[in-house]
Amino acid sequence: MTLLPSGTYRKTKGIIRRGIRASQPLAITVLEGTLYFVTDERVIERSNGTTWDSYSNKGLIEQTTSVTGTQNDFDLNGHDVNLICSNASAVIFNGFKVLGAAPTTGDKVTIQHNGITTLRAGHQETGSTAVNRIIGESLRGQIVGASGSITLIYDGANSRWRIDNYNVGTPITIPYVAGDFTGASPMVFTVDSGDLIAFNYRQFGTRFYTTLTIYTASLTVTATGIVWVKLPNGFTVSGGLQNSPYGSLFDGVAWAVAMMGTNPATFTDKFQIFKFDSALYALNNNNTYFFGSGQINID
Amino acid sequence: MAAFYQFFVAVRNTEPDRYTLRANILALDSTAGIQHEVGNQDYKIKKGTVWTQNQINAVQNVLNTSPASTPQLSARTEIKNWSISQKAFALALVKQLNTIRAALPTPLPPMTLDQVLAAVEAEVANVPV
């Protein structure tokens, strides 16, 4: 069947759209106020009210990619896309266009993380054209681990993609960096690479959950009551003081219930671990242990 | 701070008493720390100096022969690690007892806190479990 110009199919005020295709009922048989369902009619193009583009005979388009690194203005192949990412290393999407043009109201993309590292939807990242950018809950966007996903829906009123939903996937391992672990001065907290047994996190918007297990670390010089741990992914803490249960610790002398917290007046990019009763740590060599999981608010 | 790790597999079928094991390892090297998950026989021992074969043999022997964990040993560990507040409670009672002991027709010598804590620890063996 020959496809007539797009405008032919457009419903225009005062013009009844019927009888254009042979399979549709004849105009003479159409009764006013009656809805006719035509089984062999297909949607070839669809319009946002201004332009027409291909609809490929279905609503959901599956698109695959293996891109890594920072992606600005990533081009989607349709208005409703399941984007499967098999990225070998971390990927950050800072914005999406649709079929080479600016997105329009209601456009949707679900980004599936089929890689083994991380996938992030950036928040208002300026690398992308303004109308292609994403608004998230966190200033750092949303990051997901393996098997995670993020769904974005385009908000035409504000000309931005909005994070509609996400599955955070598996916990994201935080690699060892010696400088990430410090004691409240003048105490020195030393965590060697072989001491970091587990350190991972999951981000739920502006809520940060972490599991941290450390064996045989050291506390030296002069005892204080706090050790600091740097947040991953450039996260910063939100609001004022925060406390949450963390787990337990051993400082070479006794086991203690341990808390996790923040104090942005001291550090905005670190969380702290301290004893439940705020007692000082005992100094020791290679006999400091931390076991637990905690959560804090982030920007 | 330099860190040197050595892996061990304990030749035993029981879980060693954690406190005794730690004390025995620290007796060999005061910088030693133990990495171990309860339920398996793998140990990773960290210390601040390079391992010698003699040290490896000594630690292996400690891992193999340290006493197994029992409720009594765990209780003794707990007593050894009583908090300051618990010890203060015991000390207050000891002082009262010492006053009475001194006022007996045949006065008895005062007891120290350490003597009392040792006595409490010794009573662990007499508690039915």
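Not counting residues up to four places away in sequence, which residues does A:Asn82 touch?

Author: This is a predicted model, in which local features need pLDDT of at least 70 and side-chain atom pairs count only at pLDDT 80 or more, while totals for chains, interfaces and linings use all residues. Residues are numbered from 1 along each chain as its sequence is written, chains are lettered from A in the order in which they are written, and side-chain values rest on heavy atoms, with hydrogens and water left out.

With those neighbours set aside, A:Asn82 touches A:Leu60, A:Ile61, A:Glu62, A:Gln63, A:Thr110 and A:Gln112; contact here means heavy atoms within 4.5 Å. The residue lies in strand E6 of chain A, which covers residues 80-85. Helices (H or I, at least four residues) and strands (E, at least two) are DSSP runs, numbered from the N terminus. A:Asn82 counts as buried because its relative accessibility is 15%; buried means under 20% relative accessible area, exposed over 50%, and partly exposed in between, with a 1.4 Å probe and protein chains only. A:Val109 is 27 residues away from A:Asn82 along the chain, yet their C-alpha atoms are separated by 5.8 Å.

The side chains of A:Thr110 and A:Thr151 are joined by a polar contact of 3.0 Å. Such a contact is a pair of N or O atoms within 3.5 Å; within protein, one must be able to donate a hydrogen and the other to accept it, and residues adjacent in sequence count only if both atoms are side-chain atoms. A:Thr151 belongs to strand E13 (residues 149-155) and is counted as buried because its relative accessibility is 11%. Beyond its neighbours within four places in sequence, A:Thr151 has contacts that include A:Lys108, A:Val109, A:Arg162 and A:Asp164.

Chain A has 299 residues, of which 46% count as buried. Of its contacts between residues at least 6 apart in sequence, 62% join residues at least 24 apart.

Chain A also meets chain B: 18 residues of chain A are in contact with 18 residues of chain B. The area buried between them is about 1,300 Å², with 40% given by carbon and sulfur atoms; this is the accessible area (1.4 Å probe) that two parts lose on being put together, summed over both. On the side of chain A, A:Tyr215, A:Asn286 and A:Asn287 lose the most area to chain B, together 34% of what that side buries. Two salt bridges are found across the interface, a salt bridge being a side-chain nitrogen of Lys or Arg within 4 Å of a carboxyl oxygen of Asp or Glu. The side chains of A:Asp192 and B:Lys46 form a salt bridge, at 2.8 Å from N to O. Strands E19 (207-220) and E24 (284-297) of chain A each supply at least two residues of the side that touches chain B, and E19(A) gives the most, with five.

As for confidence, the predictor gives the complex an ipTM of 0.80 and a pTM of 0.80. The mean pLDDT of chain B is 94, with 99% of its residues at 70 or more; pLDDT is the predictor's confidence in each residue, from 0 to 100.
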